[in-house]
Amino acid sequence: MLTQTPTPLNEDALKVRVEDVQLDITFEQLKRLVSPRALTGETMLMNMGPQHPSTHGVLRLLLELDGETIVNCIPDIGYLHTGIEKTAEGKTYLKAIPLTDRTDYLAPMSNNMAFCGAVEKLVGIEVPLRAQYLRVILLELTRMNSHLVWLGTHALDLGAMSVFLYCMREREMILDIYEAVSGARMMSSYIRPGGLWRDVPNVFFDLVQRVLDVFPKRLIEYEKLLTKNPMWKDRTVGIGKISAQDAIAWGMTGPCLRATGVKYDVRKAYPYSSYDHFDFDIPTGTNGDVFDRYKCRMEEFNQSLKIIRQALKRLPPGPVMTSDRKVAPPPKHEIAYSMESLIHHFKLWTEGFKAPEGEVYFAVESGKGEYGVLLSGDGTSKPRRVHFRAPSFHNLQPINEMARGQLLADLVAIIGSIDIVLGDVDR
Amino acid sequence: MPVVVEVTLKSAALIFVLLTGFAYLSLLERKFIARLQARIGPNRAGPFGLLQPVADGLKLIFKESVTPKGVDKPIYFLAPALVVVPALMLFAVIPVGKGATFQLASDLNVGALYVVGVMSLAVYGIALAGWASNNKYAVLGGLRAAAQMIAYELGMGLSVAAVVLMASSASLADIVAAQYPEQYGGILGWFLFRQPVAAAIFVIAAFAEVARAPFDLVEAEQELTAGFMTEYGGMKFALFFMGEYVKMIAVSALFTTFFLGGWSGPFVNEAPILSVVYFTIKVVVCLLAFIWVRATLPRVRYDKLMDMGWKVLFPVALANVLVTAVLILLGLPGYRL
């Protein structure tokens, strides 16, 4: 470990050190963020990101290091801020959906669902059962999609590079399903207020069946490569611990919270889209460390498969869009002979449907945690205010709590295990 | 032919073979690892991607040579050479085949000592590159390199010591010969079977020495971006790359020599050229193992790596030397001199 003799406090020399890390804050503000040892030169201030291979995008961390031990880890976010919430205020309820795809771009369907759920709650739309069940299948596939990218990048961060490519191979099967139903592989915008854009094509069932057949075998391979690997355990067990109280206080949700032993899942606590019709468990951990988060997510793969199997078996026939023509676009063939349909069509695609005045909050359990949408309507066809409660943002908050006292290599494991998407953090 | 000319020609040939070998090793690695990862690997440049190393080399040569601000210039430029030269020098004493034709200086009577000594030189290049780069990630990489390589040098040196005891000679030619006593016949004479502990320690230390996954902490991309070579580009980067791969070949050649019976194999007396083929095959198998491990295992954490070097490998290697010496003194079968 480097030992440097602390130099006497010299304001000018210190200001140079502050300029060295290029933060948009004043010297006084920095003083409150780092320990006094950083100012005397005993510890090293180092930038990690925004261009760094393992910060999962453009996350920037200001690290205060004593050798390789982390004294302080200060996240600096906003490098991917795209103003999605503000943009959504200028769009009709229907046209805002593609924006939600781009928040957590690894789980587009979850975001669609949260937004559409909020709109349905605000306007008061009933969704047909078939649409609800199809939504459940797609949402669980989306959870697997999100977890696959997490597993791949997390393993890559810890040096197990093959797992990354195996995960991408499996993810391909899910992207094929997205493509079959919506035409797009990532930005699907398939879930609409009132149901789905259209019914699923026949090939959908074959593609889902392929996932159900292939995936359990692949899951066993991952377990062999990682869960039972002592080197993997060395890197994950006891790293980045957080207590249940702290996790709740910081607003953590999803697998990160459940790893601490708290059994909170929006699907069970506030069921939406008929999740209460299905039988599934909520895996929890005990220690709240990187390994428990890993175990929780790995078990969620199995639970997702279980839900998909049930939903496929009990999928009812019927429409996938509400019959309320004020919200749902009329079928093309009706427009030719029904004056009313033509008017509905015209009104929907020019002005959009109107929502009453009021405020609603609707949350779904996305792969990363509670993804909530706060929607404030003002009687027009555009929202007054949209706010996304992004799970990545809340899960990232306590990073200093988790990283303090750990090694630089552990920080990489921690960032990977909280599963952030910067599009979701910055919005 | 005067000795000087002969040695010069042989060295030139060796360096040519090694540099070509390095280039195609990088292709082999990319191809093999791609197959392990359900990919295809490079296949655009030439048939089966065979021209890929040429394309890579040309690209690196034509890169603009950037010197970052604030570097310690003489050391910054010297460091890549300090990594490559010792790696090439290692081959001076390795017998790549039967007979004087395929040997440069393998009858050097302190060959094993030379190997251990020259191998430790490479750490200077890496540590200095880290220090001279004026970059915090590079400093951390350089520090890790210095600590890691010293920790593993000891285990490796002691495992070689056990081999030297067995062969009762530090000359690499004698070590190969000692693995072919008539009474064992076949591969049971290899030190891999007569010195399994030393072989295991050598393998682990070799991974650390070459700084390859799972011990690639020196350049751990996910932690230190590129570690000590963060600030290097173009040909300077290529030299580090070359150093790593030549060293990988060298360590595989050393493992072959120390534990896999070197160039030996059937019919080498009738056709000496076969010995080179055997040697090459054994080295390639070792290299494939290197690549396979890289594709499989996660990276070890820095402090765990140091723990293992000092608290496990070093004492075990020391005990192994002691046990070997006692066994030789007792004259047990397989340990009789």
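Student: Why does Val127(A) count as buried?
Tutor: A residue is called buried under 20% relative accessible area, exposed over 50% and partly exposed in between, using a 1.4 Å probe and protein chains only. Val127(A) has 11% relative accessibility, so it counts as buried. Before we go on, please note that this is a predicted model, where local features need pLDDT of at least 70, side-chain atom pairs count only at pLDDT 80 or more, and totals for chains, interfaces and linings use all residues. Residues are numbered from 1 along each chain as its sequence is written, chains are lettered from A and ligands numbered from 1 in the order in which they are written, and side-chain values use heavy atoms, with hydrogens and water left out.

Student: Where is Val127(A) found, and which residues is Val127(A) in contact with?
Tutor: Look in the loop between α6 (108-123) and α7 of chain A. Helices (H or I, at least four residues) and strands (E, at least two) are DSSP runs, numbered from the N terminus. Contact means heavy atoms within 4.5 Å. Leaving aside neighbours within four places in sequence, Val127(A) is in contact with Glu120(A), Gln132(A), Arg135(A), Gly194(A) and Gly195(A).

Student: What makes Thr153(A) buried?
Tutor: The relative accessible area of Thr153(A) is 19%, so Thr153(A) is buried. This residue sits in helix α7 (residues 129-157) of chain A. Not counting residues up to four places away in sequence, Thr153(A) touches His56(A) and Phe164(A).

Student: Which backbone oxygen does the side chain of Thr153(A) reach?
Tutor: That of Val149(A), at 2.8 Å. A polar contact is a pair of N or O atoms within 3.5 Å; within protein, one must be able to donate a hydrogen and the other to accept it, and residues adjacent in sequence count only if both atoms are side-chain atoms.

Student: How do you know that Ala413(A) is buried?
Tutor: Its relative accessible area is 0%, so Ala413(A) is buried. Ala413(A) belongs to helix α19 of chain A. Here is something to find in the 3D view: Ala413(A) and Asp157(A) are 256 residues apart in sequence, and 6.7 Å apart in space, C-alpha to C-alpha. Ala413(A) also touches His154(A), Leu158(A), Arg235(A) and Val290(A), not counting residues up to four places away in sequence.

Student: What is the phi of Asp419(A)?
Tutor: It is positive, about 55°, although Asp419(A) is not a glycine. You can find Asp419(A) in the loop between α19 (408-418) and α20 (422-426) of chain A. With 4% relative accessibility, Asp419(A) counts as buried. Ser189(A) has a positive phi too, near 50°, and is a residue other than glycine. Ser189(A) lies in the loop between α8 (161-182) and β4 (191-192) of chain A, and its relative accessible area of 10% makes it buried.

Student: Let's turn to chain B. Why is α3(B) called roughly antiparallel to α4(B)?
Tutor: The axes of helix α3 (residues 73-89) and helix α4 (residues 111-132) of chain B come within 8 Å and cross at roughly 160°. Axes are lines fitted to C-alpha atoms, for helices over the stretch in contact, and angles run from 0 to 180 degrees between N-to-C directions. Angles under 35 degrees count as roughly parallel, over 145 as roughly antiparallel, 65 to 115 as roughly perpendicular and the rest as oblique. That angle therefore makes α3(B) roughly antiparallel to α4(B).

Student: How do the residues of the contact of α3(B) with α4(B) divide?
Tutor: They divide into 15 nonpolar, 1 polar and no charged. Ala, Val, Leu, Ile, Met, Phe, Trp, Tyr, Cys and Pro count as nonpolar, Asp, Glu, Lys and Arg as charged, and the others, Gly among them, as polar.

Student: And what makes α5(B) and α12(B) roughly parallel?
Tutor: The axes of helix α5 (residues 136-167) and helix α12 (residues 302-330) of chain B cross at roughly 15° and come within 9 Å. So α5(B) and α12(B) are roughly parallel to each other. By class, their contact has 23 nonpolar, 5 polar and 1 charged residues.
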